[in-house]
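Dear colleague,

I am sending you the structure for your files, with a summary of the findings below it. Please read the two side by side.

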Amino acid sequence: MKKLFPSYVRVPLLFAIVLVALEYFIDSGDRPAFVKYPMVALFLAVFLFLLVAIEIVVSAVDKVTYHLLTEEQKKQLEEAQTVSFVDSQWYQHWMSKLTRSKAVEQEADVMLDHDYDGIRELDNVLPPWWVYLFYVTIIFAGIYLVRYHFFGGENQAQEFETEVALAEEEMLKFKGNSPKETISLDQVTALTDPASLSKGQEIYKNVCAACHGPQGGGLVGPNLTDTHWLNGGGIKNVFKVIHDGSPRNPTMAAWGKTLDAKDVQKVASYVWSLQGTKPAGAKPAEGDVWKDDAAPTADASKPADSIPSAK
Ligand code: HEC
């Protein structure tokens, strides 16, 4: 039989396999293992040297023994070496064992004595390509078993958890870079500077106008320009309902989840600044009149911590 690979393929191939295996098993971070650990580089150098040395020695021994052979033996050897790997006895033997397929010449062996007007039936085994697929799945199963059940490969649930953990870490990092500004309810005052109000107006136009109307006259949501309030008036109550959402109606969402508290304060100040503007087409008043800063609203369901407005 001819050798399967010539030495100029065999040596680099073996070397590459060992190199890849080392890289796979040695955890060397972002640098290749043989760069990070000089011992690995040394090992690889010695390994390469040995590979070449063995090749040289083997071919030398082959040459010497060849010269020692008789003419007859030389002839036999040459004959044997012209047979390709696929034609070799060893390969043929194993392939017929693995697939149990019968050559066309041996058809008679699998012929059934069913004869339908000259159409005859063979009792063939599965075609070889099909059988090979089975062997591939068996090999795959073996690798899978070792990888995931002996060497602790991650299963789907673990993979998912690591990914979630990674994502959360990244989210925290991101949040760390842009910390959400918080502001507590009793720090909330109505801002009056034009910069804050125009920022508030901008947010209002983008987010709130769809439900409360472009001028605050109300659409889905109530009129924000009159003196009547469902959830209590005053800057603190307005801030609170924008920040936490309405406790009575989920359509008014908790915007503090998406907006910075400082921005909520700005938009609340803008809303509060709309008091008394009477936009055309405004909705009729809803809720109770917010009379006086200090006066409690008549509405008993109003938030417990509604604090008198700063305005
Ligand atoms: C999806 C529609 C919708 C959006 C968007 C919306 N709101 Fe509302 N809003 C409502 C509804 C409905 C109510 C009434 C809640 C209730 O009955 O308690 C409400 C109530 C309010 C109230 C209290 C009114 C009161 O009488 O007590 C304020 C203040 C308010 N919204 C401001 C805002 C601001 C500011 C924004 C933008 C950040 C906004 N809303 C976005 C629907 C919306």
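Which helices each supply at least two residues of the shell around the ligand? In this predicted model, they are helix 9 (194–212), helix 10 (234–244) and helix 11 (261–273). Helix 9 gives the largest share of that shell, with six residues. In total, 25 residues surround the ligand, and the closest are Cys208, Cys211, Gly221, Ser246 and Met252. Sorted by class, the shell comprises 17 nonpolar residues, seven polar residues and one charged residue.

The database record bears on this part of the chain. An unreviewed UniProt entry lists residues 195–275 as "domain: Cytochrome c".

The domain assignment of the protein gives two segments: domain 1 covers 7–82 and domain 2 covers 185–289. A distance of 79 Å separates the C-alpha centres of domain 1 and domain 2.

Three further places may be of use when you inspect the model.

The first topic is Gly287, which sits in the loop between helix 11 and strand 4 (288–289). Is Gly287 buried or partly exposed? Gly287 has 19 other C-beta atoms within 10 Å; burial requires 20 or more, so Gly287 is classed as partly exposed. Its C-alpha atom is separated by 9.2 Å from that of Pro222, although Gly287 and Pro222 are 65 residues apart along the chain.

The next topic is helix 4, which runs over residues 71–82 and has twelve residues. From its first C-alpha to its last, helix 4 reaches 17 Å, close to the 16 Å expected at 1.5 Å a residue. How many of the twelve residues of helix 4 are buried? The number is zero, so helix 4 lies largely in the open.

The last topic is Asp117, found in the loop between strand 1 (111–116) and strand 2 (119–122). Asp117 has a phi near 50°, a positive value in a residue other than glycine. For context, most residues other than glycine have a negative phi. Asp117 counts as exposed because it has 5 C-beta neighbours inside 10 Å, and the exposed class takes residues with 12 or fewer.

A colleague

Terms used. Residues numbered from 1 in each chain as written. Predicted model: local features only at pLDDT ≥ 70, side-chain atom pairs only at ≥ 80, totals over all residues. Near = placed C-beta within 6 Å. Helix = DSSP H or I, 4+ residues; strand = E, 2+ residues; numbered from the N terminus. Nonpolar A, V, L, I, M, F, W, Y, C, P; charged D, E, K, R; others polar. Expected span 1.5 Å × (residues − 1). UniProt positions renumbered as here; feature names shortened; annotations may be inferred. Domains from an automatic or database assignment.
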